[in-house]
Amino acid sequence: MNSIFEPVIGLEVHVQLNTATKIFCGCSTAFGATPNSQTCPVCLGLPGALPVLNRQVVENAITAGLATNCQIAPRSIFARKNYFYPDLPKGYQISQYELPICEHGWLDIETDNGGKRIGITRIHMEEDAGKLLHAEESEGGSSLVDLNRACTPLLEIVSEPDMRSSDEAVAYLKKLHQIVVYLGITDGNMEEGSFRCDANVSVRPHGQEKFGTRAELKNINSFRFVKEAIEYEIDRQIELIEDGGKVVQETRLFNADTGITRSMRGKEEAHDYRYFPDPDLLPLNVDSDWIERVRGELPELPAAKRQRYQEQLGLSDYDAEVLAAERPMAEYFERCTALHDNPKACANWTMGEVQRGLNEQSISIGECPVTPELLTGLIARIDDNTISNKIAKQVFDQIWQTGKSADVIIEEQGLKQVTDTGAIEALVDEVIAANPAQVEQFRAGQEKVLGFFVGQVMKASKGKANPQMVNELLRNKLKG
Amino acid sequence: MKLTREQAAQVAKLARLDLPEAELSKLATQMDAILAYVDKLNELDTDGIEPMSHAVPMDNAFREDQIKPSIGLERALKNAPAAKDDCFQVPKVIE
Amino acid sequence: MELTDLNLQQLQEQLAQGSVSSVDATRAYLDRITATNDNYNTYITVCEAEALAMAEAADKRISAGDAAPLTGIPLAVKDIFNTEGVKTTAGSRILGDFVSPYDATAVARLKQQGAVLLGKLNMDEFAMGSSNENSAYGPAKNPWDTERVPGGSSGGSAACVAARQAVATLGTDTGGSIRQPASHCGVVGLKPTYGRVSRYGVIAYASSLDQVGPVARTVSDCALLLQGVAGYDTADSTSVDRPVEDYLADLQGGVKGMRIGLPQEYFIDGLDPEVQQAVEKAIETYRGLGAEIVPVNLPHTDYAVACYYLIATAEASSNLARYEGVRFGRRVDNGKGLIEMFCSSRAEGFGPEVKRRIMLGTYALSSGYYDAYYLKAQKVRTLIRQDFNNAFDQVDLLLTPVAPTPAFKLGEKVNDPLQMYLSDIFTIPLNLAGTCGMSVPCGLTGEKLPVGMQLIGKPFAEATLLRAAYAYEQAGEWQQLRPE
């Protein structure tokens with residue numbers, strides 16, 4: 001942290017929505033298809049084609065706005081942003097400009113110095129551009145245009161310049177990512193470009209109110225790169241100013257290989273986007289009924305879940321955070337607690353054996369062969385002393401492999417805990433008789449030897465004896 | 001003079017029109033005359049008047065999120081001046 | 001009498017009776033086009049084989065008793081409509097050999113009804129013009145006097161009907177592009193209310209002003225063709241979800257008691273005396289038919305042309321950005337890189353008027369000028385619409401001239417764009433207001449040039465408009481005017 005300069009950071013995040021179709025036409029948004037195979041007159045920008053708004057995109061925008069504490073505009077309009085680029089079929093991008101759908105929101109993040117509220121200026125809907133591929137090998141060089149992605153729906157989420165370090169920027173970004181993924185409106189896949197970040201970075205002397213000149217960093221597609229790019233840029237600007245130079249307002253491209261940002265001069269001419277209301281699209285009116293319906297359908301968000309897990313289910317802060325972090329995990333856990341009233345055990349098993357199994361096989365919780373029904377069937381047998389924790393772990397592995405219920409496995413393999421006093425007593429007697437030396441040690445005051453006897457009895461019972469009963473009987477008998 | 005030749009040149013650049021000098025000068029003169037004419041709008045006081053961007057006052061036209069068949073690769077590329085590897089081909093884009 | 005002399009209604013009857021086949025009618029039109037197209041230059045593309053195939057299919061449909069109102073009727077459309085598998089040029093070089101992969105909704109509706117599509121009609125490039133002289137394919141000629149313009153931008157659509165090269169046609173009207181050429185060619189042309197006919201697949205000039213409409217020989221024909229294309233379309237967000245009236249049902253209802261307004265601002269000094277006379281005679285006819293004639297005011301009329309040329313050009317500058325030679329159309333690549341390719345393709349592909357309007361529109365939207373030009377014009381547009389709303393509180397219809405003069409000579413106005421723009425003064429305000437209007441022949445000048453009057457209706461009052469036009473047509477002596 002520089003003692004003279006303070007960084008000022010604002011983020012613009014593009015979230016690709018996971019609707020089935022594009023924002024203004026019925027073409028599929030599926031990733032990875034043959035180039036230009038998912039196109040039609042509208043997204044190809046053919047003469048005469050017209051856009052029609054996908055209702056689900058509006059629904060998702062309202063959802064995102066409500067989850068980030070925004071005000072939903074009763075009336076918003078689509079505008080054309082005019083510029084020429086080969087991946088932009090119509091020569092303009094349909095976006096929102098003067099009247100976006102969401103404004104004045106915020107997110108709370110946690111920093112080393114406690115909680116901090118980051119303002120969200122606006123969220124607007126827009127269409128994505130196509131993809132440019134560079135055919136290096138061809139003679140003279142040329143670029144190739146794939147328009148499958150053109151016209152896919154994006155939300156642009158613009159923060160206030162409220163962040164003062166790269167860590168805060170990353171914390172905000174992670175929080176935002178968690179929320180939009182939680183809402184189920186995006187897959188959040190950063191590598192495939194479903195969650196993209198541009199950062200506006202400037203520096204100013206501590207205490208100065210006026211912002212410094214900012215640079216816009218483009219194309220940062222991982223949390224780590226966001227941190228690296230911002231830190232590089234902060235250092236660059238401070239160094240520049242300290243050397244008597246001046247920061248110029250410009251767009252800079254982050255190169256993940258070198259960790260350096262470089263100016264995009266050359267491509268950068270003075271832009272004049274000539275925004276104006278798109279005459280092909282009608283104003284959008286969102287009434288309070290619509291807003292309230294969406295609000296009613298909002299899922300419980302991670303922060304609220306985390307709090308509830310602690311307060312109502314008695315989980316530790318750590319457990320609550322881990323379980324609430326991702327929606328599928330939280331839903332798995334909550335299904336378990338609904339089936340069997342032992343949140344702590346459900347939490348331990350979900351975070352323990354279930355997570356271990358998922359990690360080993362690199363599968364998602366949705367694909368977990370041990371369903372909440374199977375898992376809670378197992379926990380119930382521990383709780384009613386049918387099996388021990390140790391046996392339960394074996395049973396879990398078998399449930400995972402066979403998909404059979406705990407009860408079936410316990411029955412088939414005779415794993416039911418032995419609780420018959422007579423049977424355990426016989427085993428205890430056998431073990432005591434076979435180990436006179438250890439009996440002497442115990443009686444001489446070496447309490448530790450008790451563990452040895454317990455182990456021997458459990459072994460003899462093939463793990464099925466109730467450990468508590470074994471303990472009690474041994475103590476009584478060894479005392480003589 | 002509402003519009004100089006230099007301004008016209010800047011507009012041509014924005015509009016991606018490569019205009020030879022003679023054409024540009026002529027256009028600048030014609031645009032200047034038209035702009036002088038449209039200046040008459042300033043005779044009207046439009047304070048508090050809502051701008052009209054649609055001819056018919058309506059709102060909310062939607063489509064449902066249901067996939068419609070695309071037109072297919074062949075038809076998409078049929079009119080392309082240049083195509084390669086299922087893509088539209090253009091002179092190299094320098095970033 | 002030749003087959004091409006039958007109007008739409010007459011041909012419809014003959015097809016239904018089986019006295020004429022669609023193939024015969026289609027052949028007759030194709031022959032006539034072959035014989036006369038060099039004179040009039042109305043068709044950019046003639047779809048001979050396709051038309052005959054459609055006619056055969058139509059004949060089968062008719063004999064199977066499955067005919068729709070337009071089944072088997074040989075029609076043609078302005079080359080601004082996308083037509084699947086057929087060259088679509090918008091009168092421009094920049095679209096080159098563009099063969100559209102899809103049909104405009106209006107075209108699809110004609111096809112569904114089994115209409116026969118004879119071909120694609122000449123027009124001012126991207127519908128920008130009032131004389132058809134801005135076509136990259138040479139101007140269409142006025143069949144009344146081939147030294148004169150047919151009007152524009154749907155010059156081909158109007159000339160084609162006047163020259164009996166199609167039963168009726170479709171055009172588009174952004175600032176008068178149906179009504180003015182209809183007037184100059186002595187045929188009936190109707191611009192519906194904005195949103196009445198789908199714009200999907202119609203190459204955009206100015207999206208908030210463009211509207212599709214019919215050009216025909218008679219008012220009834222006009223009503224029939226409008227009936228065939230009007231109606232809500234989910235592919236056009238600006239089309240209106242409102243039932244389409246039966247335009248023929250009330251056609252003979254007459255004008256008795258109808259209040260017809262005469263906007264005082266439309267009867268001005270620059271009006272050609274012969275045009276004025278013809279229109280005044282039409283007013284007297286209406287009076288005689290029992291209509292009440294009332295003077296009204298549209299006080300912002302004088303600002304309409306300025307307002308229009310800012311809004312239309314601004315929208316056009318954006319609508320025409322897609323012509324850059326990447327996905328379709330003409331590409332000029334001199335090897336100097338991408339931006340050069342864009343700039344050269346556009347500079348060589350667009351004609352002078354289109355470039356002029358793109359430049360004007362780009363300027364009107366550009367940073368620092370948006371409020372002064374574009375936004376100002378949008379506000380004035382509100383005032384102009386209010387004028388019409390106020391007038392329609394008092395009257396059912398307005399009656400005006402269509403154009404200040406009859407058809408002018410080819411070349412007469414090409415060098416003065418502003419003068420050309422000003423000739424659209426009577427037609428432009430409707431597009432700004434979004435309401436409907438039509439041009440009905442109401443006389444011939446001493447030089448045997450047709451004159452049209454304009455009837456203007458309330459939004460979505462096309463039926464009233466047609467009823468009034470029909471009453472005049474039946475009463476007047478200008479029924480089915482045709483050039484020598």
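Guide: Let's start at the second largest pocket, where helix 12 of chain C gives the most to the lining, with five residues (helices are DSSP runs of H or I with at least four residues, strands runs of E with at least two, both numbered from the N terminus). This is a predicted model, in which local features need pLDDT of at least 70 and side-chain atom pairs pLDDT 80 or more, while totals for chains, interfaces and linings use all residues. Residues count from 1 along each chain as written, chains are lettered from A and ligands numbered from 1 in written order, and side-chain values use heavy atoms, without hydrogens or water.

The pocket is lined by 37 residues, with R75(A), I77(A), P277(A), P51(B) and S53(B) nearest its centre. Two elements give two or more residues to this lining: strand 16 (276-277) of chain A and helix 12 (371-394) of chain C. A pocket here is an open set of points on a 1 Å grid over the protein atoms alone where a 1.4 Å probe fits, with protein on both sides within 12 Å along at least five of seven lines; lining residues have an atom within 4 Å of a point. By class, the lining has 20 nonpolar, eight polar and nine charged residues.

Now follow chain C to strand 11 (residues 450-457), where eight of the eight residues are buried, so the strand is largely enclosed by the rest of the structure (buried means under 20% relative accessible area, with a 1.4 Å probe and protein chains only). P450(C), G452(C), Q454(C) and I456(C) point one way, while V451(C), M453(C), L455(C) and G457(C) point the other. Strand 11 of chain C pairs antiparallel with strand 9 (residues 397-401) of chain C over five bridges (pairing takes at least two DSSP bridges), and P401(C) has M453(C) as its bridge partner. Strand 10 (residues 436-444) of chain C also runs antiparallel to strand 11 of chain C, joined by eight bridges, with G437(C) opposite I456(C). In the hairpin of strands 10 and 11 of chain C, five residues lie between the strands, and K448(C) takes a positive phi near 60°.

Strand 2 (residues 74-78) of chain C is another enclosed strand: five of its five residues are buried. Strand 2 of chain C pairs in the parallel sense with strand 3 (residues 116-121) of chain C over four bridges, where L75(C) stands opposite L117(C). With strand 4 (residues 168-173) of chain C, strand 2 of chain C pairs in the parallel sense over three bridges, and A76(C) has T169(C) as its partner.

Notes:
Nonpolar A, V, L, I, M, F, W, Y, C, P; charged D, E, K, R; others polar. Buried < 20%, exposed > 50% of the residue type's maximum accessible area, 1.4 Å probe, protein only.
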